[in-house]
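User: Please take one part of this model, its pockets, and describe it closely. Then follow the description into the parts of the fold around it, and state the cut-offs behind each term.

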Amino acid sequence: MSYCLGIDGGGSKTTCAVGDATKLLATVVAGPSNIIRVGETRARESLHQAVREACAAAGITTEELENTCIGAAGAGRSEASSLLRKILAEIVPGQIRVVADTEIALEAAFGQGPGVIVIAGTGSIAYGRDENGKTARAGGWGFAISDEGSAHWTGRLAVAAILRATDMTGGAAEDVLRQDFVAALCRPWGVSSVADLARAANSIPPPDFAALFPAVAASKDVLALELQSSAGKELARLAAIVTRRLFVPYSVTNVPVAMVGGVFRHSIRAKSDFYNELRNLDPRAEINPQIVEPFYGALEIARRAAT
């Protein structure tokens with residue numbers, strides 16, 4: 001029996017799947033393994049834990065794995081790719097393929113066919129492929145200057161919005177809802193006031209702004225709702241850039257589009273406004289309402305390598 005391993009190595013979590021030639025046998029979730037964001041030590045811990053637990057859940061040993069594929073942001077950089085391959089080779093035998101997170105997401109959404117995926121997790125990017133195999137991307141240039149609509153982008157703007165609201169009210173909380181939102185934003189960073197929130201946001205190295213996204217997604221505060229809406233619209237604009245570049249107007253009537261990542265999964269407002277804005281920008285977009293799981297694509301790429 002041939003067993004394969006597919007891994008989605010993200011900035012917030014790592015999803016690992018074990019399968020044979022036809023069936024998915026087990027999936028597990030571990031900590032983050034985006035080596036650019038969390039470093040080699042944390043990435044190694046998360047990946048080794050994920051692989052061991054996935055194999056145990058599938059009832060096999062790591063030595064039985066024949067083909068592995070990991071998709072990760074930054075895998076296009078040779079240094080990051082080599083390091084990920086080295087980390088996995090410490091625990092799994094056989095062939096190891098390291099590809100971009102966009103590649104496994106595209107595979108999970110469309111197989112080897114055409115379409116556009118929008119990834120909105122810790123970071124963000126729009127990526128697509130046309131019927132001739134030509135690819136294009138928009139966004140995804142890093143959290144300091146890009147990643148529009150991502151969890152990091154939204155978390156950073158949430159802090160800025162609270163500080164602006166504080167300035168406008170002279171430091172007084174407007175209502176209980178706003179107080180609840182401030183408290184929810186403070187909690188992930190272990191602080192207790194707006195001033196502490198500002199200090200944490202400006203610390204070196206920068207804090208984990210993506211950790212604030214669940215608070216934004218869960219809040220009914222008008223600032224939180226506006227931020228979710230802005231995230232959805234920014235992601236739609238990235239998608240429209242790619243649909244227009246790859247699928248020239250009037251050349252095709254329908255453009256398949258898929259959504260990936262926690263921003264879409266956890267924010268109904270962001271998902272809804274993404275859909276409406278993209279349909280407005282490019283009416284040809286046919287948006288799959290289901291959130292795509294990239295680890296399926298990684299597992300399928302590993303399976304193809306085994307044939």
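Analyst: **Pockets and their surroundings**

The lining of the second largest pocket divides by class into four nonpolar, three polar and two charged residues. Here Ala, Val, Leu, Ile, Met, Phe, Trp, Tyr, Cys and Pro count as nonpolar, Asp, Glu, Lys and Arg as charged, and the others, Gly among them, as polar. The model is predicted: local features need pLDDT of at least 70, side-chain atom pairs count only at pLDDT 80 or more, and totals for chains, interfaces and linings use all residues. Residues are numbered from 1 along each chain as its sequence is written, and side-chain values use heavy atoms, with hydrogens and water left out.

The residues lining the second largest pocket are Gly11, Arg37, Val38, Thr122, Phe143, His152, Pro206, Pro207 and Asp208. Its space is about 190 Å³. A pocket is an open set of points, on a 1 Å grid over the protein atoms alone, where a 1.4 Å probe fits and protein lies on both sides within 12 Å along at least five of seven lines; lining residues have an atom within 4 Å of a point. Points are joined across faces, edges and corners, and the volume is the space filled by probe spheres set on them.

The largest pocket has a volume of about 1300 Å³. Its lining has 46 residues, and Asn34, Ala73, Asp101, Thr122 and Gly123 are the closest to its centre. Strand 1, helix 1, helix 3 (101-110), strand 7 (124-129), helix 7 (213-218) and helix 9 (262-266) each give two or more residues to this lining. Helices (H or I, at least four residues) and strands (E, at least two) are DSSP runs numbered from the N terminus. Helix 9 has the largest share, four residues. By class, the lining of the largest pocket holds 19 nonpolar, 17 polar and ten charged residues.

Helix 3 is mostly covered, with seven of its ten residues buried. Buried means under 20% relative accessible area, exposed over 50%, and partly exposed in between, for a 1.4 Å probe and protein chains only. Those buried are Asp101, Thr102, Ile104, Ala105, Leu106, Glu107 and Phe110. After helix 3 comes Gly111, with a positive phi near 60°.

The largest nonpolar core has 30 residues, and Leu5, Ile7, Cys16, Val51, Leu65, Leu88 and Val92 have the most contacts inside it. At least two residues of this core come from each of strand 1 (3-9), strand 2 (14-19), strand 3 (24-30), helix 1 (35-58), strand 4 (65-72), helix 2 (78-89) and strand 5 (95-100). Helix 1 supplies the largest share, eight residues. Such a core is a set of buried Ala, Val, Leu, Ile, Met, Phe, Trp, Tyr and Cys residues joined through side-chain atoms within 4.5 Å.

Thr62 is buried, at 14% relative accessible area, and touches Val51, Cys55, Ile91 and Pro93, not counting residues up to four places away in sequence. A contact means heavy atoms within 4.5 Å. Glu63, in the loop between helix 1 and strand 4, is exposed, at 60%. The side chains of Thr62 and Glu63 make a polar contact of 3.4 Å. That term means a pair of N or O atoms within 3.5 Å; within protein, one must be able to donate a hydrogen and the other to accept it, and residues adjacent in sequence count only if both atoms are side-chain atoms. The C-alpha atoms of Glu63 and Pro93 are 6.2 Å apart, although 30 residues separate them along the chain.
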